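Trainee: I would like to go through some labels and ask what stands behind each of them.
Mentor: Go ahead. Let us bring up the structure.

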Amino acid sequence: MAMTALFIYLLKVNLALTLFYAFYRLFLIRDTFFGSRRIVLLAFLVIAFMYPLLHPGNWVSSYTPALALADLYQAILLPEVTVEGAAPALSSGLSWSALLGGMYGLIALFLGMKLLGQLFVILRLRCQSRPTEKNGYKLWTLRQSAAPFSFFRWIFLNPSLHRVEELQEILTHEQAHCRGWHSIDILLSELACMVCWFNPFVWLLRKEISINLEYLADEKVLAAGYDRKAYQYHLLHMTLQQPRHTLMNNFRMLPLKSRIQMMNKKRSHPTHYTKYIAWIPLLFVLMLISNIEMMARTTVQFSRKITHYMQTSSPAETIGSPVPQPQFALSEPLPAPPRQELGTVSVASAQILPEAVETDTRLSTETDGEVIFDVVEHMPQYPGGQEALMRYLSEHIRYPDQAHTEGVEGRVIAQMVIDTDGSVTDITLVRNVHPDLDREAVRVLSDMPKWIPGRQRDQAVKVRYTVPIRFRLPEKT
């Protein structure tokens, strides 16, 4: 189950990254708003990993007065009882999902170790270099022949390999990386590649993030007043070996052709900024796709409650003078019954509903001249309380052999009436699944011991309950 959840999460993340990269290539790659482009690229990474964890359907369903009203006006619902068939013997061999999960984990672990190795190389260079300080930044003088680079607030270079005018351009370039904290972008893109290594578009997105940071640094160099052509010639004629570690912000980072073309390109018109908010509708589409199944399930549940109420309820009858309608705290909607697994049968151990509804209003129906209440002042109680009721159900419900053999499963919904003497009567099925499953549900409810009857104005009255019993077979692996 955990493997399935992880697979779905990764599928959603990679779908978002793929769509975001396609949007970037189509609309943003040709303009010169490098700062805005950086923000959008970082937002792509963060949102892609966050949006599958958001469930707007829960926000809607958690504050739905109509849903709480339907819960109250339908028959009182006991916690759902889940009956599970015996689990098949586990196979001694490894499943395909386990093999694929193991391969994914090994490759992700390898990339993680590679990332740590690059960090170790930078720390080793720092220990081997002589430190100086310039304009508030740590400058580490390399002894070996290597291209200049920066990492967070550290700048590494070998001054003996560059002319004076080149050194000033290099320092301006690398200080732009340090001031902008560009190493954060590099680390985030590396982590994204480590998690989504199987998606080629993630690696392409990492490349775009890196080169956009170089565009930003080049722009700062030109804004500082350095000659455009001289700076470009310095880039072309530098023959130092390119560092092979992607965590570094490199002064001579390829492709130089793209950087030179972008430096010579005419600045984009300010109206092109509108493209940077055009991707927001794409986010809403992703949220809808991610939560469509959950929202559909919530809608179906709400529709079933309303339909059930319309089919089974009649206008409430009152005894004596009219009374006001009950007031509901909309900020505290009625909770859905949780579920716990106890051996062969799993049941919920939550309260059925508040045991005392302090109101004179009675939700009831009339059958053969007798009033059957849905809500009373003092609800019926099973002898021993809620835990004893759950224990009884877990010990007595069994999965029918024939239904188990045929692979039949589903939810049987039964209604019962707690009579004035506490006996269980008038058991009817609201939903049928299979004759054997239906008979098992009726049998267990019929054999139930007497309850403590419900009371309305100190009189014992009949009260209706609805009991959902889910018969479920174990998942095949």
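**Labels and their cut-offs**

Mentor: Start with Asn212, which counts as buried at 1% relative accessibility. Keep in mind that this is a predicted model.

Trainee: Why is Asn212 called buried?
Mentor: Buried means under 20% relative accessible area. Asn212 has 1%, so the label applies.

Trainee: Where is Asn212 found?
Mentor: In helix H8, residues 200-223. Leaving aside neighbours within four places in sequence, Asn212 is in contact with Phe34, Arg37, Arg38 and Leu41.

Trainee: What makes the pair of Asn212 and Phe34 a polar contact?
Mentor: A polar atom of the Asn212 side chain lies 3.3 Å from the backbone oxygen of Phe34.

Trainee: Why is Ser160 called exposed?
Mentor: Its relative accessible area is 63%. Exposed means over 50%, so Ser160 qualifies. Ser160 sits in the loop between strand E6 (154-157) and helix H6 (164-179).

Trainee: Which side chain does the side chain of Ser160 make a polar contact with?
Mentor: That of Asn158, at 2.6 Å. As for Ser145, 15 residues apart from Ser160 along the chain, the two C-alpha atoms are separated by 9.3 Å.

Trainee: How do you know that the span of helix H5 is close to the expected one?
Mentor: H5 covers residues 96-128, 33 residues in total. From first C-alpha to last it reaches 48 Å, and 48 Å is expected at 1.5 Å a residue.

Trainee: Which residues of H5 are buried?
Mentor: Among them are Tyr104, Gly112, Gln118 and Leu125.

Technical notes. Residues are numbered from 1 along each chain as its sequence is written. This is a predicted model: local features need pLDDT of at least 70, side-chain atom pairs count only at pLDDT 80 or more; totals for chains, interfaces and linings use all residues. Side-chain values use heavy atoms; hydrogens and water are left out. Helices (H or I, at least four residues) and strands (E, at least two) are DSSP runs, numbered from the N terminus. Buried means under 20% relative accessible area, exposed over 50%, partly exposed in between (1.4 Å probe, protein chains only). A polar contact is a pair of N or O atoms within 3.5 Å; within protein, one must be able to donate a hydrogen and the other to accept it, and residues adjacent in sequence count only if both atoms are side-chain atoms. The expected span of a helix is 1.5 Å times one less than its number of residues. Contact means heavy atoms within 4.5 Å.
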